[in-house]
Amino acid sequence: ANQGEINITEDCQEITYYYRKNSEMPIQTVPVRVTYDGKPHTFDIKQEDGVQISYSLTENGSYTQTEMPFYTEAGRYKIYFKAEKASFIPTYGEAVLEIEKASTSMQLTAKNDTVKGAGTVELQLCRQGIPEDAGITLEEKGTDHWIATLPNETKTYTFTACYNGNGNYTGSKADCQVRVTADHSQTGGGSGGSSGGISGG
């Protein structure tokens, strides 16, 4: 053999031909990043016709899965794949799926931000993105309305509403202030704390 040419010098000579399999088998993966919405999401792996892909959930694991898994909860997920096609060297790779926590926000307002003497003040919480089962509790007048009883003492009270979030939602916080001016014509006025809270689990 010389520069790709083979010269036959005798009858019935056996010729063995060696070739390298094509190693170019492009597999396109696109990182997926979505916000939690309670719906299932999966990876983005694109392949050409005739390509067989198998998956593993662990690096260097057994590629025994033939379908990509779906995920619903917030988190970062990775899958490993093996792509095979006739006359091609197997291609290995990985893909990433990230489900970010959904954002939340709150606005806490007092119906009256000034009070004269001892009395009560009504608070209203406006929530966005927080699930109904968030567990926010206080003495409640109606949905997201609360009553706080304040003493007859000149003081500014700060009320804070906190939602701690969970695996799928970010936490959020809101506050408002109520200024109380003592009314000396009232009797039985006392002192009280300087803050109130609404907490969420």
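**Exercise 1. Over which residues does pLDDT stay under 50, and how many contacts beyond four places in sequence does the model have for them?**

Solution. This is a predicted model, in which local features need pLDDT of at least 70 and side-chain atom pairs count only at pLDDT 80 or more, while totals for chains, interfaces and linings use all residues. Residues are numbered from 1 along each chain as its sequence is written, and side-chain values use heavy atoms, with hydrogens and water left out.

Step 1. pLDDT is the predictor's confidence in each residue, from 0 to 100. The stretch under 50 is residues 188-196.

Step 2. A contact means heavy atoms within 4.5 Å. For residues 188-196 the model has 21 contacts beyond four places in sequence.

Step 3. Where pLDDT is low, the predicted coordinates should not be read in detail.

Step 4. For the chain, the mean pLDDT is 80, and 79% of the residues reach 70 or more. Strand β14 (residues 195-200) has the lowest confidence, with a mean of 46, and β2 has the highest, at 97.

**Exercise 2. State which secondary structure elements the chain has, and describe its open sheet of four strands.**

Solution. Step 1. Helices (H or I, at least four residues) and strands (E, at least two) are DSSP runs, numbered from the N terminus. The chain has 14 strands and zero helices.

Step 1. Two strands pair if DSSP finds at least two bridges between them. The order in the open sheet is β2-β6-β5-β4, with mixed pairing. Because β2 and β4 stand at the edges with a single partner strand each, one side of each has no neighbour in the sheet. On average, neighbouring strands of this sheet are turned by 25° against each other, direction ignored.

Step 2. Nine bridges join β5 and β6 in the antiparallel sense. Tyr-80 stands opposite Glu-94 in β6.

**Exercise 3. Describe the largest nonpolar core and the surroundings of Leu-123.**

Solution. Step 1. A nonpolar core is a set of buried Ala, Val, Leu, Ile, Met, Phe, Trp, Tyr and Cys residues joined through side-chain atoms within 4.5 Å. The largest one has 40 residues.

Step 1. The residues with the most contacts inside this core are Phe-43, Ile-45, Leu-108, Val-121, Leu-123 and Phe-159. Among the elements that give two or more residues to the core are β7 (105-110), β9 (119-128) and β12 (155-163).

Step 2. Not counting residues up to four places away in sequence, Leu-123 touches residues including Leu-108, Trp-146, Phe-159 and Cys-176.

Step 3. In the chain of 201 residues, 32% are buried.

How values were computed
Buried < 20%, exposed > 50% of the residue type's maximum accessible area, 1.4 Å probe, protein only. Axes fitted to C-alpha atoms, helices over the stretch in contact; angles between N-to-C directions.
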